[in-house]
Amino acid sequence: MRITRMITGPDGKNCFEQIEVQPESSGSGTEAILLPHTTKARITTLLPDFNVKRSPTPHHHKRQYIVILQGAMEVSLLNGDKRVIGAGEIFCTDESSGEAHGTTISGGPRVALYIDFDDQE
């Protein structure tokens, strides 16, 4: 499974990092991917016309994993870099610059499981 992580790069600007994770055997014919340092979880639906042009992560969002269950979202950075994150993929918001990013939903609703890091209030 691929995790797309949004981080603050060495230059203090947001950037994307791709991480490939392999499930571990949990016994009894099951496999699991463990997401470290997590706590509260919730499922949200964003409608197709959802479009936030610029949203600073630390102010608007928490550090979190976003597991896309249905649909897709496009995340755009100020430097013009964009990623489409679709069903079955994980997006990790793990940056601290406060630099804004945009999120657009198109082609149907996006349903996602949000899992907050456990180091937050």
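Let me start with a term: buried means under 20% relative accessible area, exposed means over 50%, and partly exposed is in between, using a 1.4 Å probe and protein chains only. Quick housekeeping: this is a predicted model, where local features need pLDDT of at least 70 and side-chain atom pairs count only at pLDDT 80 or more, while totals for chains, interfaces and linings use all residues. Residues are numbered from 1 along each chain as its sequence is written, and side-chain values use heavy atoms, with hydrogens and water left out.

Okay, first stop, N14. Its relative accessibility is 2%, so N14 counts as buried. You'll find N14 in strand β2, residues 14-20; strands here are DSSP runs of E, at least two residues, and helices are runs of H or I, at least four, all numbered from the N terminus. So what is N14 in contact with, leaving aside its neighbours within four places in sequence? Contact means heavy atoms within 4.5 Å, and the list includes M6, I7, T8, L77 and E95.

Next, Y65, in strand β7, residues 64-70. Y65 is buried too, at a relative accessible area of 7%.

Now the charged pairs. How many salt bridges does the structure hold? Six, where a salt bridge is a side-chain nitrogen of Lys or Arg within 4 Å of a carboxyl oxygen of Asp or Glu. One of them joins R5 and E17, at 3.1 Å from N to O. R5 sits in strand β1, residues 2-8, and E17 in strand β2, so this pair ties together parts 12 residues apart in sequence. R5 is partly exposed at 25%, and E17 is partly exposed at 29%.

R5 also meets D94 in a salt bridge, 2.5 Å from N to O. D94 is in strand β10, residues 90-94, so that pair ties together parts 89 residues apart in sequence. D94 counts as buried, at 14%.

Another one pairs D116 with R42 at 3.2 Å, N to O. That links distant parts of the chain: D116 in strand β12, residues 110-117, and R42 in strand β5, residues 38-46, 74 residues apart. D116 is buried at 2%, whereas R42 is partly exposed at 29%. And through shared partners, salt bridges join R5, E17, R63 and D94 into one network.
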